[in-house]
Amino acid sequence: MFHGLCPKSSKEEYTSYLKTRLDALHNCLFTDTPDINKDSSDGSSCTIYCFNKKGHLLAFDWSPPTLKFASSNLAVMADGRSKVFVLNTGDRTPQSPHTWHTVHELTLGACEVHDARVVDKPGSSDQEVHVLLVAVVPPSALPVDPPPALSAVPSLHLSYVLDGEYHVTQERLYCGSSALQYCQFDPACSAVVLLTHQLYCAVYNSSGPLTLSEPVGTKKEPLFMFMQTEDDVTVQISAPECSSSSSMSISVTRLDLSIARRDDARAILQGNFLHPVLPDTATWTVDKGRVEVTVCKATPGTKWTRVFQDEQLVGEELLPDEDNNDRLAHLTSDTWGGGCDAEDKPSFNPGQLESCDDADTDLVLQVLEAGDSSASPENSPRALLGNTQYLATLQSCSGSPAQFCLRHDVDGLVWRTNDQRSSERFSHTATFNAFGYVKASKTMAKYTSAPHDCSYVCVCDVRSHVYVFCQPLPLGGELKNRRTGRVTSKVARQFLLSLPSHDEIQGLVTLPGLVVVCTREQIFAYALALHEK
């Protein structure tokens, strides 16, 4: 199968920004592990390919060529102009000479390949090739009229059958108005996972019509907000024409809540509680057109998934900042880290945070299910991550979706996408201590990368410099802080790689113990001594 994503706005200025961003951050180096089922720990079985046409980022109006390896003998390449090729590469091990052959060709317009994998076809012994494409296209190029000021995400599915025959089985097109920070398949290629600042939605599906709904960009507001603690639940609802409690009629019973104006028989909010409450403990306030009702739970400690039994009464839960911090504290380097080993979790001073540590807009983690026929972004699974900084997309083992790194406090937390059958759709795999704070200081950063084992992370400037930050490793002794008396047996080393060339850096690949950097004229490889002998 082929999938594709492609951001584009009808506004010419924003279109130029999306196109420039997509091309300027293009990585000219492509990593290949020929044995798709074997995880190489030292990078010795990896091959690195490069399309390095001098000046291609500036001299041409099409996208740079991209290459992804779907399996041990299959690759997908976009030439950056109009064509996408499925290639039979044969045995790609360095010891085996091989010739690549085109087995399928599609004309789709300028695009980049962001993901390509071979998976078993459900209910069949055949296999399918899934390819995820990203491009900036004009609205006139879409098979349907998109909502105004939106990006386009074409998703094309190509089926790979074991006897060597190929045929297109499905094409899906998504739209959204924001640049994509991250876009990958989930492990089973049954959904596309996005990190973006505005929701995307399906606008075209070749297998059947989509369910029409509200246009993209219109946000469905919740009827009310609610907060909860171990002991009570607080409901907040807007009542603009009410200025005092005397103008309101509020009734709370063990199982029901009713909020209405005294001069109007219609209730502003009325429903049956999901769980019983203690009505004698109910209190409420009315201030500046907002009504707030607080009532104690009949069973303290019960976590309410919603307030009312009726699922049509949609409310949004507000989570206090301290709750979010507590949930992720064991993953971070702050001193509140919930019993973490102190020597691995150095403390930091929150007062040192600056304006550069704040994200400009809220981040959204969205899952677009392949079988979803809804055209509404509100129907897709999503998580509103708030003022969270996206730090990097990091490679995974062969055959797995790329990982993504998000900032929490000063740290960088690495997350992996799991199969939808897993109890947790996303799981934490690594923490780069203080990396969020470090990344914010790199104002000239172009690429950020880490090997699949997360033994270190690299930040690459536009020119000349690559910064390497390693995970803490044993010293073979102890270090003591004379002022605090703190003793540690591990230290996190840092390296600065200064390139002999001042040319613009156009590619970065990180493998366990190896950093490869590409400029317009040269390729540099640096071996890292990460472990003490």
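Biologist: What does the side chain of Thr431 make a polar contact with?
Modeller: The side chain of His428, at 2.8 Å. A polar contact is a pair of N or O atoms within 3.5 Å; within protein, one must be able to donate a hydrogen and the other to accept it, and residues adjacent in sequence count only if both atoms are side-chain atoms. This is a predicted model: local features need pLDDT of at least 70, side-chain atom pairs pLDDT 80 or more, while totals for chains, interfaces and linings use all residues. Residues are numbered from 1 along each chain as its sequence is written, and side-chain values use heavy atoms, without hydrogens or water.

Biologist: Where is Thr431 placed?
Modeller: In strand 27, residues 426–432. Strands (E, at least two residues) are DSSP runs, numbered from the N terminus.

Biologist: Is Thr431 buried or exposed?
Modeller: Buried, because its relative accessible area is 10%. Buried means under 20%, exposed over 50%, partly exposed in between (1.4 Å probe, protein chains only).

Biologist: New topic. What is the strand order in the open sheet of four strands?
Modeller: 3-4-5-6, with antiparallel pairing. The edge strands are strand 3 (66–69) and strand 6, each pairing on one side only. Two strands pair if DSSP finds at least two bridges between them.

Biologist: How many bridges join strand 3 and strand 4?
Modeller: Four, in the antiparallel sense; strand 4 covers residues 74–78. Leu67 has Met77 in strand 4 as its bridge partner.

Biologist: And where does Ala110 sit?
Modeller: In the loop between strand 6 (101–107) and strand 7 (112–120). Ala110 is partly exposed, because its relative accessibility is 22%. Pro65 is 45 residues away in sequence, but 9.2 Å away in space, C-alpha to C-alpha.
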